[in-house]
Amino acid sequence: MGFKLSIILGGLLLVTASGSFWYIDRLQDNIATLKGNQIALESSIKQQNESIQQHLAKQKQTQEQVNVLTAKNQEAQREVNKLKNTFAKHDLDNLALSKPKLIENIVNKGTKKVKEELIALTNPNQFDDEESNNS
């Protein structure tokens, strides 16, 4: 009976040892997997932090551009208001009634200038002269 008990206890010891070995090996595999995941996660976090920094820099640059454009817009608005005020001071209706020839000459000169510019812009042969000169 002592011999059988020794064999049973030896078998239990062997099963326990091999089960423990298997369990420890599985835990070590899990640890290795977790370490690999940690490395991948840290790399991903680093990339995301760099991306965030780039986006913040881009946002700052965009905000600066918006501020510059806003300032230019305000300056243009001031100029428009200045011109509106200048024209509001002059009554062109009364000037046209009192000095029609002056207004007529100004309008005719402006019309002639616009006509000449339109002719130059719509001339279908405007590029032919350059090509023949280059040949």
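Colleague: Where in the chain is Asn105 placed?

Modeller: In this predicted model, Asn105 has its place in helix α3, which covers residues 100-122.

Colleague: Why is Asn105 called partly exposed, and not buried or exposed?

Modeller: A residue counts as buried under 20% relative accessible area and as exposed over 50%, with partly exposed in between. Asn105 has a relative accessibility of 38%, so it counts as partly exposed.

Colleague: What separates Asn105 from Leu56, along the sequence and in space?

Modeller: Asn105 and Leu56 are 49 residues apart in sequence, and their C-alpha atoms lie 59 Å apart in space.

Colleague: What makes up the fold, if we count helices and strands?

Modeller: The protein has four helices and zero strands, and when it is read along the sequence the pattern is α-α-α-α.

Colleague: Why is the protein described as more spread out than a compact globule?

Modeller: The globule rule gives 14 Å for 135 residues, whereas the radius of gyration of the protein is 45 Å, which is well over that value, and therefore the protein is more spread out than a compact globule. Along its principal axes, the C-alpha trace spans about 140 × 55 × 20 Å.

Colleague: What distances are found from Met1 to Tyr23 and from Leu5 to Gln48?

Modeller: Met1 and Tyr23, 22 residues apart in sequence, are 32 Å apart from C-alpha to C-alpha; the C-alpha atoms of Leu5 and Gln48, 43 residues apart along the chain, are separated by 63 Å.

Colleague: Why is the contact between the side chains of Arg78 and Glu75 called a salt bridge?

Modeller: Side chains of opposite charge can pair when their charged atoms come close. The side chains of Arg78 and Glu75 meet at 3.0 Å, N to O, and since the rule asks for a nitrogen of Lys or Arg within 4 Å of a carboxyl oxygen of Asp or Glu, the pair counts as a salt bridge. The count by this rule comes to one salt bridge. Arg78 and Glu75 both lie in helix α1 (residues 2-89), three residues apart, about one turn of the helix, and Glu75 counts as partly exposed at 44% relative accessibility.

Colleague: Where is the confidence lowest, and where is it highest?

Modeller: Confidence is lowest in helix α4 (residues 128-134), with a mean of 56, and highest in α1, at 92. Over the protein the mean pLDDT is 87, and 92% of the residues reach 70 or more. Where pLDDT is low, the predicted coordinates should not be read in detail.

Methods. Residues are numbered from 1 along each chain as its sequence is written. This is a predicted model: local features need pLDDT of at least 70, side-chain atom pairs count only at pLDDT 80 or more; totals for chains, interfaces and linings use all residues. Side-chain values use heavy atoms; hydrogens and water are left out. Helices (H or I, at least four residues) and strands (E, at least two) are DSSP runs, numbered from the N terminus. The radius of gyration is taken over C-alpha atoms; the globule rule is 2.2 Å times the number of residues to the power 0.38. Buried means under 20% relative accessible area, exposed over 50%, partly exposed in between (1.4 Å probe, protein chains only). pLDDT is the predictor's confidence in each residue, from 0 to 100.
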